[in-house]
Amino acid sequence: YAQPSQRPPDPSDTDHLFQVSVVPGLSTAADTRSTSNISLNILAGSNGAFYGMEVGTLLNINRYDVQGAQFSGLVNINNQRAQGLVAGGVFNYTETFQGLNASGVATYNRGEAGGFLASGGVNYTGSLSNGFMASGSLNISSGSVDGFLLTGGVNIVEVQQNGLMMAGGLNIARESQGVSISPLNIAETLGGVQIGLLNINRRQTGTQIGLINIVGEE
């Protein structure tokens with residue numbers, strides 16, 4: 001059977017104005033549960049938290065809350081709350097996020113996000129509040145969205161969509177209460193507006209504007 005997940009240890013009371021890591025385990029901050037104001041990871045670093053700025057050529061990993069500006073040539077991983085600017089060359093992972101999250105390939109936000117998520121490929125978030133997601137191919141929210149989704153490919157909202165969705169290919173939402181603009185729009189329930197070549201809904205109280213509109217029941 002599955003073992004219950006263990007709560008991570010609390011952050012230590014150790015604060016560093018400046019810390020340098022070469023790789024995890026080889027660092028001026030021996031305590032990986034400590035907090036830094038300026039963190040430099042020459043190759044990769046696994047640290048507690050930072051409130052200020054962190055720069056890594058390959059990989060940044062933080063156990064706890066981070067706030068400020070974070071830059072990595074490849075990957076950023078923040079296992080709790082991240083606030084501010086997170087920029088990665090390939091991939092960013094955050095537990096919850098508020099601010100600007102930008103990556104060359106993908107961003108993954110497990111919980112709630114607010115602000116601006118941008119990637120060249122895929123954005124995923126648990127939910128989006130008062131935010132904006134822009135991607136080259138795919139935006140996914142496993143919860144509700146209150147904001148603006150823009151992609152060259154597909155937008156998927158698994159709960160409720162409020163605000164505006166625009167896609168070059170397809171918009172899908174379980175419940176669409178905002179505006180959806182795409183060649184193909186699909187919703188389980190439509191309470192807002194769909195604009196496209198083909199609009200498909202099972203239930204509708206909103207408005208469809210398209211070349212072909214299909215409604216299961218009204």
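Me: Leaving aside neighbours within four places in sequence, which residues is I214 in contact with?
Reply: With those neighbours set aside, I214 contacts L198, N199, I200, N201 and Q208; contact means heavy atoms within 4.5 Å. This is a predicted model, in which local features need pLDDT of at least 70 and side-chain atom pairs count only at pLDDT 80 or more, while totals for chains, interfaces and linings use all residues. Residues are numbered from 1 along each chain as its sequence is written, and side-chain values use heavy atoms, with hydrogens and water left out.

Me: Which strand does I214 lie in?
Reply: I214 belongs to strand β19, residues 207-217. Strands are DSSP runs of E with at least two residues, and helices are runs of H or I with at least four, numbered from the N terminus.

Me: What is its relative accessible area?
Reply: I214 has a value of 40%, so the residue is partly exposed. Buried means under 20% relative accessible area, exposed over 50%, and partly exposed in between, with a 1.4 Å probe and protein chains only.

Me: How far apart are I214 and I186 in space?
Reply: Their C-alpha atoms are 9.5 Å apart, and 28 residues separate I214 and I186 in sequence.

Me: Changing topic: how many residues has the largest nonpolar core?
Reply: That core has 14 residues, and L128, L149 and V157 have the most contacts inside it. A nonpolar core is a set of buried Ala, Val, Leu, Ile, Met, Phe, Trp, Tyr and Cys residues joined through side-chain atoms within 4.5 Å.

Me: Which strands each supply at least two residues of this core?
Reply: They are β8 (75-88), β10 (106-119), β11 (122-135), β13 and β14.

Me: And what does L128 touch, not counting residues up to four places away?
Reply: L128 touches A113, M133, S141, S144, V145, D146 and L149.

Me: Which strands pair with β14?
Reply: Strand β14 (residues 154-167) pairs in the parallel sense with β12 (residues 138-141) over four bridges. Strand β13 (residues 145-151) pairs with β14 in the parallel sense over seven bridges. With β15 (residues 170-176), β14 has six bridges, again parallel, and with β16 (residues 179-181) three, also parallel. Two strands pair if DSSP finds at least two bridges between them.

Me: What is the bridge partner of L138 in β14?
Reply: The partner of L138 is V154. Likewise, F148 is bridged to L164 in β14, and N155 to N171 in β15.

Me: On to the rings: how many aromatic pairs does the structure hold?
Reply: The structure holds four aromatic pairs. Rings of Phe, Tyr and Trp (its six-membered ring) pair if their centres lie within 6.5 Å; planes under 30 degrees apart count as stacked, over 60 as edge-to-face and the rest as tilted. Y93 and Y108 form a stacked pair, at 5.7 Å centre to centre and 15 degrees between the planes.

Me: What does that pair tie together?
Reply: Y93 lies in strand β9 (residues 91-103) and Y108 in strand β10, so the pair ties together parts that are 15 residues apart in sequence. Y93 is buried at 15% relative accessibility, whereas Y108 is partly exposed at 32%.

Me: What about F132 and F148?
Reply: F132 and F148 are also a stacked pair, at 4.7 Å centre to centre and 15 degrees between the planes. This pair links distant parts of the chain, with F132 in strand β11 and F148 in strand β13, 16 residues apart.
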